[in-house]
Amino acid sequence: MVSPTTSEVPPTMGVKIFSAGVAACLADIITFPLDTAKVRLQIQGEGQKSSPIRYKGVLGTITTLAKTEGLPKLYSGLPAGIQRQISFASLRIGLYDTVQEYFSSGRETPPTLGNRISAGLMTGGVAVFIGQPTEVVKVRLQAQSHLHGIKPRYTGTYNAYRIIATTESFSTLWKGTTPNLIRNIIINCTELVTYDLMKGALVNNQILADDVPCHLLSALVAGFCTTLLASPADVVKTRFINSLPGQYPSVPSCAMAMFTNEGPTAFFKGFVPSFLRLASWNVIMFVCFEQLKKELMRSRQTVDCTT
């Protein structure tokens, strides 16, 4: 993202995909408790089947979960989360520059805003369809509780895949694809385009060099803008994916039930942990992504020189 200087060799598509996957997995491992807190806050108040425990705030939710269900619960669904980043983030982030270059082919001018948005739409849309089953399993494992006589639906990641496919239907693994597609198109476009534009503005105006401080600031701005725009779709996605069969006939009915029963603020439940998680995830991912790309290309150049 942002053209390299003439002294640098542009990273290959394979390097970008690999770097994005590794960076996204690292970011997920570090920020996963915030994601679990976000899910619990988002499903809170959805009906009688929800846990009677009330969660308040980010730290309050994390503390309550750790005290009542144990520290490992904060990482429930992590294997599915890692699978999601390998199949999803590596494609949507790793292919972004390549697709953007495709839309800009034949032009000597820098990519337009339309090119950037088109690239975000395409890579985000393709990645959602590939990674949706991992999203369904991750959310359900994060949402389930063993307290107050509630028997967990799943004992682990692969058990969840099997039970969902056999007791509900194989297509249920793609449940919530529509809101997740909307959410991730918003996230992908806002996150990558904002990061790209912010980084470009800082570098081109010589405010900051193309290094860690620039990447960190750009990632923070992208995280806030993304959380603000994607929160309603994120909450609806979480509620619909976690719902029991027949609870909501469709995605619009889920959104309408939320609006009727809980008001418009329901669409921003878990906003603070969403921002903290997405902002910290962006910072870790983008900084690691940029540094990993550079190191891999340097290593490749060194190998080429020695041979």
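**Entry 1: what I am looking at**

I noted before anything else that this is a predicted model.

**Entry 2: salt bridges**

I started with charged pairs. How many salt bridges does a search of the whole structure find? I got 20.

I picked Lys 16 and Glu 101, whose side chains meet in a salt bridge at 4.0 Å, N to O. Lys 16 sits in helix 1 and Glu 101 in helix 4, so this pair ties together parts that are 85 residues apart in sequence. I also checked how covered the two partners are. Lys 16 has a relative accessible area of 7%, so I wrote it down as buried, the cut-off being under 20%. Glu 101 comes out at 49%, so it counts as partly exposed.

Next I went to Lys 199, which has a salt bridge with Asp 210, with 3.5 Å between the closest N and O atoms. Lys 199 is in helix 7, while Asp 210 is in the loop between helix 7 and helix 8, and they are 11 residues apart. Is Lys 199 buried or exposed? At 1% relative accessibility, Lys 199 is buried. Asp 210, at 27%, is partly exposed.

Lys 199 turned up again in my list. Its side chain also meets that of Glu 290 in a salt bridge, at 2.8 Å, N to O. Glu 290 belongs to helix 10 and Lys 199 to helix 7, so the pair ties together parts 91 residues apart in sequence. Glu 290 is buried too, with a relative accessible area of 4%.

I also found a network of salt bridges, and its linked members include Asp 35, Arg 84, Glu 135 and Lys 237.

**Entry 3: nonpolar cores**

Then I turned to the nonpolar residues. Which residues of the largest nonpolar core touch the most other members? I noted Ile 93, Trp 281, Met 285, Phe 286 and Phe 289, out of 21 residues in that core. Helix 10 gives the largest share, 7 residues. Another core lies apart from this one and has 15 residues, among them Val 39, Tyr 161, Ile 164 and Leu 173.

**Entry 4: a length check on helix 7**

Helix 7 has 28 residues, so at 1.5 Å a residue it should span 40 Å. Its end C-alpha atoms are 38 Å apart, which agrees.

Gln 206 is in the loop between helix 7 and helix 8. With 73% relative accessibility, Gln 206 counts as exposed.

Ser 169 is another non-glycine residue with a positive phi, near 155°. Where is Ser 169? I found it in the loop between helix 6 and helix 7. Its relative accessibility is 25%, so Ser 169 is partly exposed.

I looked up Phe 88 in helix 3, residues 78-94. It is buried, at 4% relative accessibility. Leaving out residues up to four places away in sequence, Phe 88 touches Gly 124, Ala 127, Val 128 and Asn 184. I also compared Phe 88 with Lys 175: they are 87 residues apart in sequence and 16 Å apart in space, C-alpha to C-alpha.

Met 297, in helix 10, is buried as well, at 6% relative accessibility. What is Met 297 in contact with, leaving aside its neighbours within four places in sequence? The contacts are Val 9, Pro 10, Pro 11, Thr 12 and Val 15. Met 297 and Ala 266 are 31 residues apart along the chain, and their C-alpha atoms are separated by 46 Å.

**Entry 5: a patch on the outside**

I finished on the surface, where Leu 26, Ile 29, Ile 30 and Tyr 75 form a nonpolar patch. Together they have about 340 Å² of accessible area. I checked one of them, Ile 29, which lies in helix 1. Ile 29 is partly exposed, with a relative accessible area of 40%.

Methods
Residues numbered from 1 in each chain as written. Predicted model: local features only at pLDDT ≥ 70, side-chain atom pairs only at ≥ 80, totals over all residues. Heavy atoms only, no water. Helix = DSSP H or I, 4+ residues; strand = E, 2+ residues; numbered from the N terminus. Buried < 20%, exposed > 50% of the residue type's maximum accessible area, 1.4 Å probe, protein only. Contact = heavy atoms within 4.5 Å. Patch = residues over 30% accessible without salt bridge, like charges linked within 9 Å, V, L, I, M, F, W, Y side chains within 5 Å. Areas by Shrake-Rupley, 256 points an atom, 1.4 Å probe, with all protein chains shown as cover. Core = buried A, V, L, I, M, F, W, Y, C linked by side-chain atoms within 4.5 Å. Expected span 1.5 Å × (residues − 1).
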